Amino acid sequence: MADDPRPLSPHLQIWRWEISMLLSILHRASGVALSLGTLFLVLWLVALAADAALFEQVQLLLASPPGIAGLVVYSLALYYHLCNGIRHLFWDMGYGFELEVARRSAWAVLAVSSVLTLATWVLAAGSGA
């Protein structure tokens with residue numbers, strides 16, 4: 001039995017990458033991004049409650065290019081996690097397991113979350129925020 005060259009369990013060298021595999025990894029990553037982003041939301045709320053000088057510093061940080069990039073990533077993670085969570089709810093009800101439907105819904109999640117993020121930031125820029 002020790003001479004058997006087969007792997008003990010499937011691994012990434014055996015599986016062909018599918019869009020659903022990528023979305024599974026991205027769902028976990030977006031959850032981590034939302035957790036970290038929520039810490040900054042709490043910092044912003046604490047600064048708002050604490051004093052005007054601290055709030056002004058946090059506002060300057062968020063208005064800087066890295067701060068705006070972080071907010072864009074946070075909103076993309078939020079919309080992606082929401083859309084992919086809805087996809088998972090349909091799976092929980094037993095719908096969408098067919099291979100082609102799963103692929104189309106995966107691409108739809110990416111498209112809808114991107115469009116929602118873009119629309120949010122276009123509306124925010126248009127409102128002067």
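Reply: Start with exposure. Buried means under 20% relative accessible area, exposed over 50%, and partly exposed in between (1.4 Å probe, protein chains only). This is a predicted model: local features need pLDDT of at least 70, side-chain atom pairs count only at pLDDT 80 or more, and totals for chains, interfaces and linings use all residues. Residues are numbered from 1 along each chain as its sequence is written, and side-chain values use heavy atoms, with hydrogens and water left out.

Me: Why is Arg104 called exposed?

Reply: Its relative accessible area is 51%. The cut-off is over 50%, so Arg104 counts as exposed.

Me: What makes Glu100 partly exposed?

Reply: Glu100 has 46% relative accessibility. That lies between the 20% and 50% limits, so the label is partly exposed.

Me: How do you know that Arg104 and Glu100 form a salt bridge?

Reply: A salt bridge is a side-chain nitrogen of Lys or Arg within 4 Å of a carboxyl oxygen of Asp or Glu. The closest N and O atoms of Arg104 and Glu100 are 4.0 Å apart, so the pair meets the rule. Both residues lie in helix H4, four residues apart, about one turn of the helix. Helices here are DSSP runs (H or I, at least four residues), numbered from the N terminus.

Me: How many salt bridges are there by this rule?

Reply: Two. Glu18 and Arg103 also pair, at 3.2 Å, N to O. This bridge links distant parts of the chain: Glu18 is in the segment before H1, Arg103 in helix H4, 85 residues apart.

Me: Why is Glu18 called partly exposed?

Reply: Its relative accessibility is 22%. Buried would need under 20%, so Glu18 counts as partly exposed. Arg103, at 26%, is partly exposed as well.

Me: What makes the lining of the largest pocket nonpolar or charged?

Reply: Ala, Val, Leu, Ile, Met, Phe, Trp, Tyr, Cys and Pro count as nonpolar, Asp, Glu, Lys and Arg as charged, and the others, Gly among them, as polar. The lining divides into 17 nonpolar, four polar and no charged residues. H3 gives the most, with seven residues.

Me: What makes a residue part of that lining?

Reply: A pocket is an open set of points on a 1 Å grid where a 1.4 Å probe fits, with protein on both sides within 12 Å along at least five of seven lines; lining residues have an atom within 4 Å of a point. The largest pocket has 21 of them, with Leu62, Gly67, Ile68, Gly70 and Leu71 nearest its centre.

Key: Helices (H or I, at least four residues) and strands (E, at least two) are DSSP runs, numbered from the N terminus.
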